[in-house]
Amino acid sequence: MSFSDFHSAILQGIPDELPAPKPFDTRVNHAPRRKDILTPAEKKLAVKNALRYFPEKFHAELAPEFAQELKDYGRIYMYRFRPDYPITARNIEAFPHRSRQAAAIMLMLSNNLDYAVAQHPHELITYGGNGAVFQNWAQYLITMKYLAEMTDEQTLVLYSGHPMGLFPSHAEAPRVVVTNGMMIPNYSKPDDWERFNALGVTQYGQMTAGSFMYIGPQGIVHGTTITVLNAGRRLPGNDGTLEGKVFVTSGLGGMSGAQAKAAVIAGAVGVLAEINPKVTKIRHEQRWVDEVYHDLNTLINRIKDAKNHKEAVSLAYQGNIVDLWEALVKSNIHVELGSDQTSLHNPWAGGYYPAGLSFDESNQMMARKPEEFKKHVQASLVRQVNAIKTMTDRGMYFWDYGNAFLLEAGRAGADVFKEDGTYIYPSYVQDIMGPMCFDYGFGPFRWVCASSDPEDLRTTDRMAAEMLEDMIKTAPKEIKQQLADNLLWIRQADENKLVVGSQARILYAESEGRIRIARSFNQAIRDKRIKGPVILGRDHHDVSGTDSPYRETSNIYDGSQFTADMAIHNVIGDSFRGATWVSIHNGGGVGWGEVINGGFGMLLDGSPEADRRLESMLFWDVNNGIARRSWARNPEAIFAIKRAMEAEPRLKVTLPNIADDKILEGLF
Ligand SMILES: NC(=O)c1ccc[n+]([C@@H]2O[C@H](COP(=O)([O-])OP(=O)(O)OC[C@H]3O[C@@H](n4cnc5c(N)ncnc54)[C@H](O)[C@@H]3O)[C@@H](O)[C@H]2O)c1
């Protein structure tokens, strides 16, 4: 399609003539059929709601088609209106626009729907099975048209993908304000999502799907690398290197597959059990897994060898994690780090395969004899915990990876509780990400080169590395290690070839690092050392953006982990300090009703205005969360916020006075 045809297609929005119906394309990965949850009256309402996007002349033809989509797929996606041009992160100048900021948003949302990036592109789902950019293709078409037409004196309002419209605002305001899945709290149970999403009035935006900030697997690889490196530091007397250290875990799936790549980047011997041969094959072909073993004795010998030679290597065991743990117990190999990433948030329907049954036997039993299958899963979890306990008694550090491992093991009767009812092992946020990263302000800062030129990305990598090298020289000892980890990551980033879709990079940085890196990019755009603008953002798994009591804020212990003030303040604060777009979501990662998370995007165009905005907004975006973590009495956050107050005299944060527990004894 030519440049001008692409422009005309965008500017047309909803077409004047009905496009021909599109056949269901079986070559594309499609979303599962959704629950049939609406009453007949509600189904009529869903179709009537969908028809609102189209002129009356189309209604007679579209009504039965939309009714059929609802019957067949449980949702109305309006497949016929899917555009014919490839949706991808083009150079920013290729998008028709009157506002460069709006064009940046077009680039980012196009990346989220790119076939190479999105999980179910025809259903507008980017990742996680239900993380939606829009609910239907009409919303996409209208939004792109608005973005192409709007000026810097307008703001586009999106309600869960629905473009409510353009409203007059001003140049300093965000160009887009996004909400996803915001519900009256009592209507936030999983079936409420099914019902209201089927009606076409809300959507699940996950964390970076509905905020247009997804950058493919790179984000999870970096987060996992940081987790593994910091887990190593929990080992007594460890100087931080993972050379010659063994990390055993399970899962080579969607997120868990990143463990293989991360183990190698971190310098460890990664050993990963995966029961599904297709999944192992994909990761092996992709080279995230170096070697695959079917025989446990051969694998054990290979682990010993790799450990002795301090190899950075990922070894997959094609089989059950329980069998692997039990073989390791017998072998007497010293394993330093252990975790688990089977999908135990979904234990009875394929998330966890019990020991003693083959993969096929399990698949049959879970459908035909679910009660018997449940017993196998629970017995297997008890065996798994027993083996892990032997290994932790021998000095291994084990953590729960936010996959409900300890929850389900405990329910299965495994011995995972301390006397006070808490778990014997920490979660990765409680012990690692919370105190070692989030409380100091380190989080998943990212940028996208809007020229879509890989050379620009290489230039920004070099600039970020130089900035980190400079910061390490004067950094306090508390954060030197984090800076060094990220320096290592950014130096290797290009050769690790993790770019899929837009020319994006992730880097865990704290407030000062984010600001200094952003400032240097803006200068480089001005000097034309970078060919196009740069878009800043982060995912929501961060210091300030997300209130999620079992994940991001699980290391908050003052009771406030069940409140969501921080996430709301985060986006409100970002929006009047210069964000180009802001978004706030219900759900994401851990589920609808379980988390509120906020994010932003910001265009750096080399202007002095961008300098002012980045200073103001990034400082708030990180320190808002540190202040809250400090008020929750987290020592690392108290350290970090005091340091921020020294650097910025206008910052005055209420600090907690810490009561001695002795004062409280005998009060109740
Ligand atoms: N990586 C992270 O940062 C992170 C953060 C929070 C939560 N999680 C959780 O981690 C879990 C995994 O996520 P995912 O996207 O990789 O899921 P996934 O379902 O794609 O992958 C899990 C893999 O485990 C395998 N498996 C199941 N039982 C097994 C067994 N007994 N032995 C060996 N292999 C087995 C499955 O075949 C599957 O490939 C989820 O519960 C997710 O919520 C991950």
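This is a short tour of a predicted model, stop by stop, with what to select and what you will find there.

**Stop 1**

Next, show the backbone of Tyr 353, where an N or O atom lies 2.7 Å from a nitrogen atom of the ligand. Then do likewise for Met 255, which has a backbone N or O atom 2.9 Å from a ligand oxygen. How much of the ligand does the protein cover? On its own the ligand has 860 Å² of accessible area, and the protein covers 87% of that.

**Stop 2**

Six of them, in the order 8-9-7-6-10-11, form an open sheet with parallel pairing. Which strands stand at the edges? Strand 8 and strand 11 (397-398) do; each has a single partner strand, so one side of each is left without a neighbour in the sheet.

Select strand 9 (313-318) next. On one hand, strand 9 pairs with strand 7 in parallel through 6 bridges; here Val 271 has Leu 315 as its bridge partner. On the other, strand 9 pairs with strand 8 (residues 291-293), again in the parallel sense, over 3 bridges. For that pairing, click on Tyr 293 and you will find its bridge partner, Tyr 317, in strand 9.

Are the residues of strand 9 buried or exposed? Buried: 6 of 6. In a regular strand, side chains alternate between the two faces of the sheet. You can follow this by showing Val 313, Leu 315 and Tyr 317 on one side, then Ser 314, Ala 316 and Gln 318 on the other; both faces are covered.

**Stop 2: helix 11**

Now select residues 321-331, which make up helix 11. Its buried residues are Ile 321, Val 322, Leu 324, Trp 325, Ala 327, Leu 328 and Ser 331. What covers them? The cover includes strand 6 (246-250), strand 7 (269-274), strand 9 and strand 10 (337-338), along with helix 10 (296-308) and helix 13 (370-393).

Have a look at both ends of this helix. At its start, a side-chain oxygen of Asn 320 reaches to within 3.0 Å of the backbone nitrogen of Val 322. Just after the helix comes Asn 332, with a positive phi of about 70 degrees.

While you have helix 13 in mind, pick out Pro 370, which sits in that helix. Pro 370 is partly exposed, with a relative accessible area of 45%. For a sense of scale, draw a line between the C-alpha atoms of Pro 370 and Pro 96: they are 274 residues apart along the chain and separated by 54 Å.

**Stop 4**

Move on to strand 3 (residues 154-159) and strand 4 (residues 162-168), which pair in the antiparallel sense over 6 bridges. Gln 154 stands opposite Pro 168 in strand 4. The two strands form a hairpin with 2 residues between them, and Ser 160 in the turn has a positive phi of about 45 degrees.

Gln 139 is in contact with Ser 160, and its other contacts beyond four places in sequence include Tyr 53, Gly 161 and His 162. At 0% relative accessibility, Gln 139 counts as buried. Its side chain reaches the backbone nitrogen of Gln 135 at 2.8 Å.

Finally, select Thr 202, in the loop between helix 6 (190-198) and helix 7 (218-232). Is Thr 202 buried or exposed? Its relative accessibility is 3%, so Thr 202 counts as buried. Show its side chain with that of Ser 160: a polar contact of 3.3 Å joins the two.

How values were computed. Residues numbered from 1 in each chain as written. Predicted model: local features only at pLDDT ≥ 70, side-chain atom pairs only at ≥ 80, totals over all residues. Heavy atoms only, no water. Polar contact = N/O pair within 3.5 Å; in protein donor to acceptor, adjacent residues only side chain to side chain. Areas by Shrake-Rupley, 256 points an atom, 1.4 Å probe, with all protein chains shown as cover. Buried < 20%, exposed > 50% of the residue type's maximum accessible area, 1.4 Å probe, protein only. Helix = DSSP H or I, 4+ residues; strand = E, 2+ residues; numbered from the N terminus. Contact = heavy atoms within 4.5 Å. Pairing = 2+ DSSP bridges.
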